[in-house]
Structures are given as structure tokens and as C-alpha cells.
Amino acid sequence: MSVFTTPLTSDLHPALMRRRTLLATSVQLAMGGAASAALFSAHAQPSYPVSAEQLQRAVDSRFPLTYPVRGMLDLKLQAPRLRLLPAQNRLGAALDVDASGPALHRARSGRFDLDFALRYEPRDLTIRAHQLRVNTLQLDGLAAQPSALLAAYGPALAEQALQDAVLHTLKPQDLALPDGMGLQPGSITVTAQGLVIGFVPKT
């Protein structure tokens, strides 16, 4: 009488063993991937950091800029020195100003101080300055008339120089992973080190 016994794994045909091993590995990977995805979605969202150095290099490339003020003054704005304002979720900027022109007996120097918020522009994947606010505007040793002109036109010049200025440009590969998850750039948070761009579901 013959007795049916279950063959040991070592007795299986090599091809069958390979198929079983591949199947088991695939199941483990699938389970691990699902678990990782669940953990990712439950506890983390992708984010994209931009350092303070990257921001400064971006604005440095736009300056100096020169603006005329009604044919009386020529103002040359130097590259702003950026500062991070995490408590306000804004960036600050101090710009040195050189003034010359018919209204002045000699060249003068001064400074702007302003701050601004940030926004994401999806058309060209850029982070831009907006909601600009001029805090102080000073030019040393100006007479009354050019000083009044500067007070009147200075905020508009500062806005022209920095409003909607590009502070960083993302690359398509930077957005590949979030895009595959159905996400797009949303929040922009100012930290002590730079910016952190958060992602939100696409609408």
C-alpha cells in the first residue's frame, strides 16, 4: 500500500521553487508598499525646502536697478539684503540707494526697508514676492523738494523693483513625486533657515 506524503521544499522542481519564491517576494513587496503608502499619507506630506542662500542669489541676479524720478533724480537700487521673518511668515529686505541727478548738488546715499509675503505661480513654477510693504525710506541730506519727490515716488519704485520678483524657480523633477500623488504646491512657510513649500491636493 502506498502512502501519499507532502514533498519537502528541497524536493520541489527548481522552476517551481523559483515561481513560489517570486510570488512570496511580490506579496511582501506589495504589502510593504501599501503599508508605506498608508504611513506616508497618514503621517507626512512631501515638502520642498528653499535655503536663505538660494533666495539671496535669486535677488542678487536682478540688481542693481536704476529708476528716474521726474527728471530730477536718478535712483540706483542695490541688491536687497534679505532677512527671514518666521513670526510674520514674510521676508524682509533692506536696499541701499544711490541718488544723483539735477536736483542734487552731489550724489547721495540712503536706504529702503520693506517686507513682503510670498506666493506660488503655477504657470512658470516660481515663488514670487507679493503684498509688499515699505517700512522706511531715507536718503541722507536731501533738500525739501527732492525729499518730497522721494517720499511720493519711493514706495512705487520699491514696489516696481520687488513686487512679483522671482525668488525661486522649481524644476519639473522637483514636482514629479507630489504630482504623481495628485498634489501641487500650496503653503509657503518662512522658517529660520529659509522656506518650506507644502503641497495640497490638486483642485
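**Salt bridges and confidence**

Tutor: In this predicted model, the side chains of Arg 128 and Asp 124 form a salt bridge, with N and O 2.8 Å apart.

Student: Is Arg 128 buried or exposed?

Tutor: A residue counts as buried when its relative accessible area is under 20%. Arg 128 has a relative accessible area of 15%. By that cut-off, Arg 128 is therefore buried.

Student: Which residues are linked in a network of salt bridges?

Tutor: The pair of Arg 128 and Asp 124 has already been described as a salt bridge. Both residues also belong to a network of such bridges. Its members are Arg 119, Glu 121, Arg 123, Asp 124, Arg 128 and Asp 164.

Student: Which strands hold Asp 115 and Arg 133?

Tutor: The side chains of Asp 115 and Arg 133 meet in a salt bridge of 2.8 Å, N to O. Asp 115 is buried at 4% relative accessible area, whereas Arg 133 is partly exposed at 40%. The two residues are 18 apart and link distant parts of the chain, Asp 115 being in strand S6 (residues 108-121) and Arg 133 in strand S7 (residues 126-139).

Student: How many residues apart in sequence are the parts tied together by Asp 179 and Lys 202?

Tutor: Asp 179 and Lys 202 form a salt bridge whose closest N and O atoms are 2.1 Å apart. Asp 179 is in helix H4 (residues 176-180), while Lys 202 is in the segment after strand S10 (194-201), so the pair ties together parts separated in sequence by 23 residues.

Student: How many salt bridges does the structure hold?

Tutor: The pairs discussed include Asp 115 with Arg 133 and Asp 179 with Lys 202. For the structure, the total number of salt bridges is 10.

Student: Which element has the lowest mean pLDDT?

Tutor: The protein chain has a mean pLDDT of 79, and 73% of its residues reach 70 or more. Over residues 19-43 the pLDDT stays under 50, and the model has five contacts beyond four places in sequence for this stretch. Strand S4 (residues 81-85) has the highest mean among the elements, 98. The lowest, 42, belongs to helix H1 (residues 14-43).

Key: Residues are numbered from 1 along each chain as its sequence is written. This is a predicted model: local features need pLDDT of at least 70, side-chain atom pairs count only at pLDDT 80 or more; totals for chains, interfaces and linings use all residues. Side-chain values use heavy atoms; hydrogens and water are left out. pLDDT is the predictor's confidence in each residue, from 0 to 100. Helices (H or I, at least four residues) and strands (E, at least two) are DSSP runs, numbered from the N terminus. Contact means heavy atoms within 4.5 Å. A salt bridge is a side-chain nitrogen of Lys or Arg within 4 Å of a carboxyl oxygen of Asp or Glu. Buried means under 20% relative accessible area, exposed over 50%, partly exposed in between (1.4 Å probe, protein chains only).
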